[in-house]
Amino acid sequence: MQNSEMAGLINRVAIGDRQAFTDLYRVTSPKLFAICLRILKDRGEAEEALQEVYIKVWQKAKSFAIGSGVPTTWLATIARNHAIDIIRARKPVNDDIDEVFDLADETMPNPEQSVAMADDGRRIDACMGELDQVHAQSVRRAYVEGLTYAELAEDLRVPLNTVRTWLRRSLLKLRECMQR
């Protein structure tokens with residue numbers, strides 16, 4: 001399904017169209033369920049989370065505007081954030097402030113790691129610049145936004161195997177560039 005069609009469904013859901021909601025669920029639930037399952041690692045919990053995600057979609061559809069982004073990204077973000085919220089809710093609150101204070105913050109990179117990450121980011125950007133614009137965009141959409149090969153093929157109006165070939169060759173070129 002094209003992004004414009006999906007955006008139309010979301011806009012129809014925003015005005016309370018139940019058929020549009022049913023169609024949106026039918027089209028998007030496999031991907032959103034996969035996101036929930038990947039994060040939660042429990043099928044039953046992922047199924048419950050998916051139901052709650054669609055409640056949020058029903059409630060937040062009015063906040064989605066056609067120009068605000070890609071519908072699949074908007075939906076995937078809702079699913080991802082909800083699954084993460086469930087994981088956060090599982091963890092017991094630690095009341096011993098002294099114990100918490102002594103823990104190192106391993107999420108923050110040290111200065112050396114920050115410089116290395118920034119350097120890697122610049123190198124990746126430079127290598128992405130060496131790719132054909134369509135191929136670079138395909139790599140970003142597949143590996144950053146999480147679009148499937150089939151979704152890319154549909155959006156770009158090219159055969160599925162062409163997308164697979166583009167991505168494979170692009171990743172090989174990126175690896176080659178990064179090793180220089």
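Is C36 buried or exposed? I began with this residue, and at 0% relative accessibility C36 counts as buried. I note here that the model is predicted, so that every later entry is read with this in mind.

**Entry 1: the nonpolar cores**

I looked next for the largest nonpolar core, which has 29 residues, and found that L24, L32, V57 and L75 touch the most other members. Helix 1 (3–14), helix 2, helix 3 (43–60) and helix 4 (71–90) each supply at least two residues of this core, and helix 2 gives the most to it, with eight residues. To see what one member meets, I listed the contacts of L32, leaving out residues up to four places away in sequence, and these are L50, V53, Y54, L75, A76 and A79. There is also a second, separate core of 13 residues, and A142, A153, V163 and L167 are among them.

**Entry 2: aromatic pairs**

How many aromatic pairs does a search of the whole structure find? I noted three, and I wrote down two of them in detail.

The rings of F21 and W58 have their centres 5.1 Å apart, and because their planes stand at 80°, where edge-to-face needs over 60 degrees, the pair is edge-to-face. F21 lies in helix 2 and W58 in helix 3, so this pair ties together parts that are 37 residues apart in sequence. Both residues count as partly exposed, F21 at 21% relative accessibility and W58 with a relative accessible area of 32%.

The rings of Y25 and Y54 have their centres 4.7 Å apart and their planes at 65°, so this pair is edge-to-face as well. Here Y25 belongs to helix 2 and Y54 to helix 3, 29 residues apart, and the pair links distant parts of the chain. I found that Y25 is partly exposed, with a relative accessible area of 38%, whereas Y54 counts as buried at 3% relative accessibility. Ring pairs link F21, Y25, Y54 and W58 into a cluster.

I also checked R18, which has its place in helix 2 (residues 18–40) and counts as exposed at 66% relative accessibility. R18 and W58 are 40 residues apart in sequence, yet I read 9.5 Å between them in space, C-alpha to C-alpha.

**Entry 3: helix 9**

I then turned to helix 9 (residues 160–179), which has 20 residues and reaches 29 Å from its first C-alpha to its last, close to the 28 Å expected at 1.5 Å a residue. Its buried residues are V163, L167, S170, L174 and C177. Seen down the axis of helix 9, these buried residues fall within an arc of 95°, so they line one face of the helix. I recalled that an α-helix has 3.6 residues a turn, so residues three or four places apart point the same way. The face turned away from the buried side carries the exposed residues N161, R168, R169, R175, E176 and Q179. I asked what covers the buried residues of helix 9, and the cover includes helix 6 (111–130), helix 7 (133–143) and helix 8 (149–156).

**Entry 4: the disulfide**

Which cysteines form a disulfide? I found one disulfide in the count, between C127 and C177, with their sulfur atoms 2.0 Å apart. The torsion about the S-S bond of C127 and C177 is about -80°, so the disulfide is left-handed. C127 lies in helix 6 and C177 in helix 9, so the pair ties together parts that are 50 residues apart in sequence. C127 is buried, with a relative accessible area of 5%, and C177 counts as buried at 9% relative accessibility.

Technical notes: Residues numbered from 1 in each chain as written. Predicted model: local features only at pLDDT ≥ 70, side-chain atom pairs only at ≥ 80, totals over all residues. Heavy atoms only, no water. Helix = DSSP H or I, 4+ residues; strand = E, 2+ residues; numbered from the N terminus. Expected span 1.5 Å × (residues − 1). Buried < 20%, exposed > 50% of the residue type's maximum accessible area, 1.4 Å probe, protein only. Arc of directions from axis to C-beta. Contact = heavy atoms within 4.5 Å. Core = buried A, V, L, I, M, F, W, Y, C linked by side-chain atoms within 4.5 Å. Phe/Tyr/Trp six-rings, centres within 6.5 Å; stacked < 30°, edge-to-face > 60°. Disulfide = S-S within 2.5 Å.
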